[in-house]
Amino acid sequence: MVEKLKVGTLISGGGTNLQAIIDACNQGRIDAEIVFTGSDVDGAKGLERAQKAGIPTFVVAYARIIADCRKAQDIDRLLPKDFHLEDIAEKQRLVDLEKNREKGLFFIKSRVIAERRLLDHIESYDMDLLVLAGFMRVFTPYFIDRINTNAPGNKIMNIHPALLPSFPGIDGYGDTFRYGCKIGGCTVHFVDYGEDTGPIIGQKAFEIADGDTLEDVKAKGLEKEWELYPACIQKFAKSR
Ligand code: GRF
């Protein structure tokens with residue numbers, strides 16, 4: 001019998017991708033099992049989907065943590081002991097520290113503080129792959145390096161609602177639609193130090209008809225995502 005790939009999942013919202021992965025696991029379409037679902041949003045609807053499937057869940061409330069960081073007299077005191085600013089600042093490609101150092105440093109430090117809490121949960125599970133299923137936060141190298149500990153380094157997968165490298169950022173379908181593209185799509189990729197820049201694992205495309213609304217584009221895209229994500233996870237499971 002093939003040993004199942006142990007998949008950790010992170011979500012922020014409705015969790016329809018998570019549901020597609022749960023179903024693919026349950027139906028034996030992929031050799032994987034989900035070992036946890038975490039979220040940055042308290043009450044994210046996708047958490048209910050996980051709980052219904054008997055998957056352990058946890059929340060690290062980013063919004064609250066970031067607000068607490070803003071109020072803190074000395075944010076550095078909240079940082080984990082193993083945080084090295086020079087190392088992270090050199091590797092990261094999320095903010096322009098030369099343009100606005102203060103703002104950029106707050107971004108990095110507050111995210112690292114939240115990431116440490118995520119890691120505290122994640123490290124209590126045995127996990128082969130971390131799957132971001134509609135998780136709307138970017139990761140600093142602090143987090144990425146602590147997940148990608150053994151070769152091959154690529155252990156974090158993300159799904160993006162556009163055909164990368166076109167339309168990175170938070171609104172892939174919206175940007176595709178507003179540009180007037182006749183083809184849209186979605187991409188599954190490994191996460192690196194940039195935003196939506198890591199190596200591509202798989203893509204699926206769909207046609208955008210003349211009368212299509214943004215809602216139509218999103219609906220067509222999500223249907224493709226639900227096929228693509230389980231297929232990419234299975235590709236990873238098979239390549240072990
Ligand atoms: C998807 O479109 C995904 O590509 C994007 O966020 C959306 C999440 O949807 N990153 P769901 O929570 O899986 O339903």
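Which residues are around the ligand?

## Ligand shell

The residues around the ligand are Gly 14, Gly 15, Thr 16, Asn 17, Gly 134, Ile 159, Pro 161, Tyr 173, Leu 222 and Glu 225; a residue is near a molecule if one of its heavy atoms lies within 4 Å of it. The model is predicted, with pLDDT of at least 70 needed for local features and 80 or more for side-chain atom pairs, while totals for chains, interfaces and linings use all residues. Residues are numbered from 1 along each chain as its sequence is written, and side-chain values use heavy atoms, with hydrogens and water left out.

By class, this shell holds four nonpolar, five polar and one charged residues. Here Ala, Val, Leu, Ile, Met, Phe, Trp, Tyr, Cys and Pro count as nonpolar, Asp, Glu, Lys and Arg as charged, and the others, Gly among them, as polar. Helices α1 (16–26) and α8 (214–238) each supply at least two residues of the shell; helices (H or I, at least four residues) and strands (E, at least two) are DSSP runs, numbered from the N terminus.

## Polar atoms at the ligand

A polar side-chain atom of Thr 16 is placed 2.5 Å from a ligand oxygen atom. For Glu 225, a polar side-chain atom lies 2.9 Å from an oxygen atom of the ligand, and for Asn 17 a polar backbone atom is 2.9 Å from a ligand oxygen. Of the 370 Å² of accessible area that the ligand has on its own, the protein covers 83% (Shrake-Rupley method, 1.4 Å probe).

The ligand sits in the largest pocket. A pocket is an open set of points, on a 1 Å grid over the protein atoms alone, where a 1.4 Å probe fits, with protein on both sides within 12 Å along at least five of seven lines; a molecule sits in it if more than half of its atoms lie within 2 Å of its grid points.

## Ser 12 and Asp 40

Ser 12 lies in the loop between β1 (5–11) and α1, and Asp 40 in the loop between β2 (32–39) and α2 (45–52). Their side chains are joined by a polar contact of 2.7 Å (a pair of N or O atoms within 3.5 Å, one able to donate a hydrogen and the other to accept it; residues adjacent in sequence count only if both atoms are side-chain atoms). The Ser 12 side chain also reaches the backbone nitrogen of Met 136 at 2.8 Å.

Asp 40 counts as buried because its relative accessibility is 6%, and Ser 12 counts as buried at 12%; buried means under 20% relative accessible area, exposed over 50%, and partly exposed in between (1.4 Å probe, protein chains only).

Definitions and conventions
1 Å grid on protein atoms, 1.4 Å probe; cavity = no way out; pocket = protein on both sides within 12 Å on 5 of 7 lines; lining within 4 Å.
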